[in-house]
Amino acid sequence: MNYYLSLILFTPLIGAFLILLVPKEKEDAIRWIANVVAFIGFVISVPLWFWFNPASGDFQFIERAPWIPSVGAEYFLGVDGLSTLLILLTTMMGSIAVLSSWTAITERVKEYYIFLLVLQTGMLGAFMSLDFLLFFLFWEVMLVPMYFLIGIWGSANRLYSAIKFFLYTLVGSVVMLLGILALYFAYHAQTGVYTFDVTAYHKAGFDASLQWWVFLAFFLGFAIKVPMFPFHTWLPDAHTDAPTAGSVILAAVLLKMGTYGFLRFSLPILPDASRHFVPMMVVLSIIGIVYGALVALAQKDWKRLVAYSSVSHMAMVMIGMFTLNPVGLTGSIVQQLNHGISTGALFLLVGVVYERRHTREISEYGGLSKVMPVYAAIFLIMTMSSIGLPTLNGFIGEFLILQGVFVASKVWALFAASGVVLGAAYMLYLYQRTMFGKVENPKNERLLDISNREFATFAPLLILAVWMGIYPSPFLRRLETSVQHIVLRVSPQYAAKYAECNPTVTPERLAASGNPAAKFLAAVPCDINGNPLPAERR
Amino acid sequence: MTYPLMALAVGAIVAGFVGIPAAIGGNNAIEHFLEPSFTAERAEAHAAAEPRPNDTVAGGQIERGATATGDVRALEHAPGAAEQSGEHVSRGLEIGLMAFSLLVAIAGIAVAYKFYVISPEISEELAQRFAGAHRTLSNKYYVDELYNATVISGTFAGGRGLWTFDRKVVDGAVNGTSWLTVVSSWFSGLTDRNVVDGVVNLVGWIVQESSLAFRRFQTGLVQNYAMLMLFGIFAFVSVYLLMR
C-alpha cells in the first residue's frame, strides 16, 4: 500500500489550510505560500510520469480503504495512462495558474488562493477516483471554488456568468448522479453486492435498455462539461468573465472532466449504448466543430473568441473519441492535452494584455508585435499550435483524430477537416488584427513586453508544445493500454481482431468474460490494431 | 529589398550554367544530379515489359524499382538504342527551341525598354485605349474580389448569423429556462401566499366569523341561562311524553 496518489491529491489542500493560518494583510506571504505549494504539487507529481508502467493494462498506484461501508463506498484511487497524463496536466496548469495571478489579483488575496488550491484538489481527485461516489464528490467539490473565482474576481458580468456556470453544471451532474445510482442498484441486482467500484462496473454487462438510459444521464452531465453543442453557452460567458487563472484552469482542466467522464465511464461501462449513440454524438460534434469555429470568427472580444475556439476544439476531441477506434481515441486524448496546453496559453496571453489595458476588445489592439515582440512570438507559436501546424503539438492530435475519423467515415472526415481550416482562419485573423499593422491606438504605444514571471508561465507550455509536436511517442505509449482497454470493451470488430492474434482469447470467451483486457494483457503478442508487438514488449 | 534582389540576380545569371544541354556541347550536370529520381521511373516502365523471376507480388513496386536501377546502369554502360533515340534524335529541334525562347526573351526586354524607359507615354496611352483590359489585368482578373465577395464574406456572414443564433436561440433557451424558473417560482410564491396560506387563514376566518353567531348566546346573564335550561327541560320532557 502506498500513499503516492493521496500525497499528490492533498498537497494543494494542505497549502490551502496553511494560507488559512496567515493573516489576510500579509498578501505577499500568502502569494509565496500558494506559489510554493502549487509548485511542490507539480514537482511531486512528476515521478508519476516515470514510475507509471505503460506496459501494464491495470490501474496503478492503487489505494483502497473503506469510506462509507454501509453503502459500499470506498476511498479508491488508481491511475492508468489517461489519468496519469491528465493529472500531470492538472498539476502543471495549477502551478502556472497560481503564478499568473501574482499581480492580477489585488483584492481578497487570501480567499482567492484558498479557492484556487481547493479547486486543484477537486480536479485531481476526480481524475484519480475509481469509486463512482468519490468521483462525484470531487466533481461537485470543483464547482464551488470555481463559482466564487468567477463571481468575486471576475469582470463585468461576473455574477450572471458564475450563477449560469454553477446551475448549468449542477443540472447535468445531478442527472448524472441518478445514472450512477441506476448502475449501483442494477449491479446489486446482478451480483448482490453494493459497490461504486468503477473497475467492477467495467467488467459487468448491463442490459441494453438500462445502458440506454444511463448513457443519456451521463451524457447530460459530461456533455455540459465538455461542452458539446447545444449545451455550450455557459462556457463563453464563464470564460470571458473569469479571472485569467480561472479561464486557464477552466479551459485546460475542467473541460477535460467531461471528456474524461466519457472515456472512463460512458464508453467502457455502457459499450452497447455508446455504439448506439454514435450517430448522435458525431452529428453534435460536427455541428460543434463548424459552429464553434464560425461563431469564433464573428467575435469582437478576444477572450470570447478563444472561448468559442474551445467549443470547436473540444468537439474535435469528441468526434475522435466516438470513432471508437484506437487511432481516433488516442488522437482524442492527445488533443485534450494539446487543448490544455495551447488554449491555456492563449488565455494566459489574453490575461497579459488585459492586465495592461483592461479591455478585451480586439479593435482596441493592433500592431502589438512592434511594442511587445516577445509576447508576439509566444502568441504566434501558440496560435500555430492551436491551428495544428506540423512540428507543434496540435498537429499530432488533429492528425490522429482525422485519421481515426477517416477510417470510420470519409464524410465525417470532410466536416472535421473543415474545422481545421476555419480554425486557421479565426486564429490568424485574430493574430493579424491584434499583432500586425501600425500601432494606431496611442494607449498601446508604451505597453511593456512580458516580464520574467509571465515568461515563466509560458515556458513549460512552449517546451511541451514543441516536444509533443516533434516526439509524441512517450505520450502515445502511456496511452496505449488505456485506449486498448476502452476499444476492447466498446468495439466488437477490434475485439475480434485482437482475439485472432491472441490465440488464448477466442471471440466466444471474449464475449463471455466481462473485461478481456485486464485478464490477458500480461502476455499480448499483438496490439489492438492487429500489428505484432515488437519483441522487447511481448 | 535591393540586396536580396541582387543575390537573386546573381543566382539567375549563374544557375543556368549547371545545366548546359548536350545539344550545345555541355554535359548537363543538373540532369545527372537528378538522375536517380528520373531513371527509376523510366526503368520501371522497362522492367514492367519483361517480368523478372525475383519479383514478388506484394513488394513488386519497390523490388522492381531496385533491380531496375541496376538494369539502367547496365544500359548506360552499353549504349542502348532506346536511350540514344530518346535523347539525341531531336538535336536540331532542341537548338531551334532554344533560339526561339531566346528570341522571345529579347523581344520582351526590348518591348519593356521601349514602353517603360524610352517612351513611357506609350504604356499610358495603351492603358487609356484599352481601359477595360488594363483594369482587369491590374486587378488580377478580379479573382481576389471574387473570393472576397463569395467565400470570405459568406463565411463571415455565416459566422455573424450563427453568433446571433447562439445568443438569441441557444442561449435564449438557457435564459428562457431560467426565466421560466423565476416565473414559476413567483407563481409558486403567489400560490403559497394566496392558496396554501389562504386555506389556513380561511379556517381562522371561518372560526372567527361563525363565532359572531355563537357568541350571542354567551351573554353572561344567569337568568338567560336558567330560562334556556327551562326551555330545554320542557322540550325534552315534551318529546319524551309524545314519543312514548
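Predicted model: local features only at pLDDT ≥ 70, side-chain atom pairs only at ≥ 80, totals over all residues.
**Figure 1. The surface and overall build of chain A.** Accessible areas come from the Shrake-Rupley method with a 1.4 Å probe, and for residues only the protein chains shown count as cover. Calculated this way, the accessible surface of chain A comes to about 19,100 Å², and 68% of that belongs to carbon and sulfur atoms. Residues are numbered from 1 along each chain as its sequence is written, chains are lettered from A in the order in which they are written, and side-chain values use heavy atoms, with hydrogens and water left out.

Chain A has 23 helices and 2 strands; here helices (H or I, at least four residues) and strands (E, at least two) are DSSP runs, numbered from the N terminus. Its radius of gyration is 23 Å, close to the 24 Å that the globule rule gives for 538 residues, so chain A is as compact as a globular protein of that length. (The radius is taken over C-alpha atoms, and the rule is 2.2 Å times the number of residues to the power 0.38.) Along the principal axes, the C-alpha atoms of chain A fill a box of roughly 75 × 55 × 45 Å. Of the 538 residues of chain A, 64% count as buried, where buried means under 20% relative accessible area, exposed over 50%, and partly exposed in between (1.4 Å probe, protein chains only).

Figure 2. The term stands for a side-chain nitrogen of Lys or Arg within 4 Å of a carboxyl oxygen of Asp or Glu. Both residues lie in helix 11 (residues 271-276), 3 residues apart, about one turn of the helix. R275(A) is partly exposed at 31% relative accessibility, and D272(A) is also partly exposed, at 34%.

**Figure 3. A salt bridge between two loops of chain A.** Here D301(A) and R360(A) join their side chains in a salt bridge (3.2 Å, N to O). The pair links distant parts of the chain, 59 residues apart: D301(A) sits in the loop between helix 12 (278-297) and helix 13 (302-321), and R360(A) in the loop between helix 14 (326-357) and helix 15 (368-371). D301(A) is buried, with a relative accessible area of 13%, and R360(A) is buried too, at 16%.

Figure 4. Look for Q335(A) in helix 14 of chain A. At 4% relative accessibility, Q335(A) counts as buried. Leaving aside neighbours within four places in sequence, Q335(A) is in contact (heavy atoms within 4.5 Å) with H313(A), V317(A), G394(A), G397(A), E398(A) and I401(A).

**Figure 5. Where chain B meets chain A.** V170(B) is found in helix 9 (residues 143-214) of chain B and is buried, with a relative accessible area of 8%. Not counting residues up to four places away in sequence, V170(B) touches F229(A), P230(A), H232(A), T233(A), Y291(A) and F165(B). Also in this view, K164(A), D237(A), R304(A) and D171(B) are linked in a network of salt bridges.
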